[in-house]
Amino acid sequence: IWGVADVVYVLYQRLMAPPFMLLEIKDILATFGAFMAVLIAVEIFHNLILYAEDNHNQQAAVEIVLGTALMAISRKIIVLDFNEVGAEHVYATAAVTLALSVGYYLIVIRAKATAT
């Protein structure tokens, strides 16, 4: 609830700053980044509840961590300003995203496909 209030406050500040009631692209990205942070926090809370209810299943724990990490790196990519970061940062972000995606595929999707 506090995170949602923070998003509303950030949006209010951006709308009240000059130019009045107009958002620039950086304002939209800042607001969207705050909103995505709230979604990630909700996802982490949901994952902790699932992990606690699943009697500490190691497979579920890996799925939870990979899913949350994918969501966090997706947020980073969405709010990344490519004009302010170097090519090394973009390549490193791409490598982390690829590694997480391959890991998620191997652990979650492929494991469920072989189980059926």
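The paragraphs below go through this predicted model helix by helix. Residues are numbered from 1 along each chain as its sequence is written, and side-chain values use heavy atoms, with hydrogens and water left out. Because the model is predicted, local features need pLDDT of at least 70 and side-chain atom pairs count only at pLDDT 80 or more, while totals for chains, interfaces and linings use all residues.

Start with helix α1, which covers residues 2-16. Helices here are DSSP runs (H or I, at least four residues; strands would be E, at least two), numbered from the N terminus. Tyr12 lies in α1 and counts as partly exposed, at 49% relative accessibility. In this text, buried means under 20% relative accessible area, exposed means over 50%, and partly exposed is in between, computed with a 1.4 Å probe on protein chains only. Between the C-alpha atoms of Tyr12 and Ala60 there are 39 Å, for a separation of 48 residues along the chain.

The loop between α1 and α2 holds Pro19 and Met21. Pro18 and Pro19 are joined by a cis peptide bond, with omega at about -5 degrees. Met21 has a phi near 60 degrees, which is a positive value in a residue other than glycine. The relative accessibility of Met21 is 45%, so this residue counts as partly exposed.

The expected span is 1.5 Å times one less than the number of residues. Buried in α2 are Asp27, Thr31, Gly33, Ala34, Met36, Val38, Ile40 and Asn47. The cover over these buried residues includes α1 and α3.

How do α1 and α2 lie against each other? Their axes are 9 Å apart and the packing angle is about 175 degrees. Axes are lines fitted to C-alpha atoms, for helices over the stretch in contact, and the angles run from 0 to 180 degrees between N-to-C directions. The two helices are therefore roughly antiparallel; that term is for angles over 145 degrees, with under 35 counted as roughly parallel, 65 to 115 as roughly perpendicular and the rest as oblique. On the α1 side the meeting residues are Gly3, Val4, Val7, Val10, Leu11 and Arg14, and on the α2 side they are Asp27, Ala30, Thr31, Ala34, Phe35 and Val38. By class, this contact has 8 nonpolar, 2 polar and 2 charged residues. Ala, Val, Leu, Ile, Met, Phe, Trp, Tyr, Cys and Pro count as nonpolar, Asp, Glu, Lys and Arg as charged, and the others, Gly among them, as polar.

Asp27 deserves a separate look. With a relative accessible area of 9%, Asp27 is buried. Its side chain makes a polar contact of 3.1 Å with the side chain of Arg14. A polar contact is a pair of N or O atoms within 3.5 Å; within protein, one must be able to donate a hydrogen and the other to accept it, and residues adjacent in sequence count only if both atoms are side-chain atoms. Apart from neighbours within four places in sequence, Asp27 is in contact with Arg14 and Leu22, where contact means heavy atoms within 4.5 Å.

Next is α3, residues 58-79, whose 22 residues should span 32 Å at 1.5 Å a residue; the end C-alpha atoms are 32 Å apart, which agrees. α2 and α3 pack at about 180 degrees, with axes 10 Å apart. That makes α2 roughly antiparallel to α3. The contact of α2 with α3 has 14 nonpolar, 4 polar and 2 charged residues by class. Ala60, Ala61, Ile64, Leu66, Thr68, Leu70 and Ile73 are the buried residues of α3, and what covers them includes α2 and α4 (87-115).

Two residues of α4 complete the tour. Thr97 is placed in α4 and touches Leu70, Ile73 and Ile77, not counting residues up to four places away in sequence. A polar atom of the Thr97 side chain lies 2.8 Å from the backbone oxygen of Thr93. Ala111 is also in α4 and, at 30% relative accessibility, counts as partly exposed. Leaving aside neighbours within four places in sequence, Ala111 is in contact with Gln59 and Leu106.
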